[in-house]
Amino acid sequence: MGKDCYSRPHPIPQAPYPIPSFVVALLACTLAAAGEGTLKGAVKYDGDPPPPKIAQLPADKKDECHCDQQATDELVVDKKTKGIRWAIVRIMGVKAPPPEKPFAEASIDQQGCRFVPHVVIIPPGTTLNVLNADKINHNFHTTPLDGANPGVNRMMQPDEQKMPLKGSKFFAESDLIKVQCDVHPWMSAFLVVHDPRFAAITGEDGSFEIRNIPAGKYDLSVFHELGEKKQNIEIKGGQTTEVGEVLFKPAK
Ligand SMILES: [Cu+2]
């Protein structure tokens with residue numbers, strides 16, 4: 001690999017005299033062309049879109065969860081586009097200077113016995129605040145799939161509205177972490193410990209776009225509960241790399 005010549009967005013140095021705007025534009029354009037590109041694609045279901053999966057709540061949980069049934073987020077396929085929602089896209093091994101402002105703390109809530117949102121990206125080393133809007137017992141039980149961080153298994157009491165989990169302890173390294181609540185077994189979520197500038201969660205139509213990626217060759221990981229797809233990508237300065245459709249077959 002050649003010399004790193006990343007050009008993360010940074011202010012153009014102030015000159016003691018005015019610089020004509022076309023020079024500034026030309027300079028910005030040259031910087032972008034030299035160093036950063038965009039990645040685009042879509043995660044699609046390779047089959048007939050299944051209807052939304054609904055979990056019927058056990059009789060003894062209906063009262064505390066305030067509902068009889070709950071939509072689950074494990075496999076959400078858009079009828080029209082076959083796009084898979086909540087797929088996790090990660091560009092691995094990107095080296096970039098730290099952001100100008102530190103990343104904000106992350107949070108995940110428990111609402112009506114469901115984790116909201118289903119997938120949360122946590123910048124490495126950043127605290128995750130687990131919230132409990134339900135004011136009932138939940139337990140936050142994590143399984144780090146890459147095994148890079150210690151797991152957590154902690155009960156949240158009804159009056160405990162916020163449980164901060166220290167990033168330096170639980171989310172220090174890049175990882176993919178499954179979350180469950182053992183009190184309500186249908187509850188599930190994923191935590192993605194990754195630089196959020198180089199990761200994405202697919203929207204309703206399954207599409208994703210990541211901008212301002214330093215030019216270079218990387219491994220791309222697309223993860224869904226149906227599996228993981230990996231491929232090599234190349235990002236070129238000032239260009240968009242299209243990976244097209246990443247297909248997942250129905251589970252057998
Ligand atoms: Cu729970």
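A quick word on what we are looking at. This is a predicted model, where local features need pLDDT of at least 70 and side-chain atom pairs count only at pLDDT 80 or more, while totals for chains, interfaces and linings use all residues. Residues are numbered from 1 along each chain as its sequence is written, and side-chain values use heavy atoms, with hydrogens and water left out.

Back to His138, then. Its ND1 coordinates the copper ion, together with Cys181 (SG) and His184 (ND1), at 2.0 to 2.2 Å. Donors here are N, O and S atoms within 2.8 Å of the metal (3.2 Å for Na, K and Ca), and water is not among the atoms, so sites may look incomplete. Along the sequence, the spacing of the donor residues reads H-x42-C-x2-H. His138 sits in strand 11 (residues 138–144) and Cys181 in the loop between strand 14 and strand 15, so this pair ties together parts that are 43 residues apart in sequence. Cys181 also counts as buried, at 1% relative accessibility. Strands, by the way, are DSSP runs of E with at least two residues, and helices are runs of H or I with at least four, numbered from the N terminus.

Which strands are its neighbours? Strand 9 (residues 119–122) runs parallel to strand 15 and is joined to it by four bridges, with Val119 partnering Phe190. Strand 14 (residues 175–180) runs antiparallel to strand 15, with six bridges, and there Ile177 stands opposite Leu191. Two strands count as paired if DSSP finds at least two bridges between them.

Strand 6 (residues 88–92) has four of its five residues buried, so it is largely enclosed by the rest of the structure. Strand 6 pairs antiparallel with strand 18 (residues 216–224) over five bridges, where Met92 faces Asp219. Three bridges also link strand 6, again antiparallel, to strand 16 (residues 199–201), and Arg90 stands opposite Ala199 there.

Next, some backbone details. Most residues other than glycine have a negative phi, and most peptide bonds are trans. Cys113, in the loop between strand 7 (106–110) and strand 8, has a positive phi of about 60° although it is not a glycine. Cys113 is buried too, at 0% relative accessibility. Lys135 also has a positive phi, about 55°, and belongs to the loop between strand 10 (128–131) and strand 11. Finally, the peptide bond joining Val116 and Pro117 is cis, with omega at about -5°.

Let me end with the rings. Rings of Phe, Tyr and Trp (its six-membered ring) pair if their centres lie within 6.5 Å; planes under 30 degrees apart are stacked, over 60 edge-to-face, and the rest tilted. That rule gives three aromatic pairs. One of them is Phe115 with Phe140, edge-to-face at 5.9 Å centre to centre and 85° between the planes. This pair links distant parts of the chain, with Phe115 in strand 8 and Phe140 in strand 11, 25 residues apart. Both Phe115 and Phe140 are buried.

Methods:
Buried < 20%, exposed > 50% of the residue type's maximum accessible area, 1.4 Å probe, protein only.
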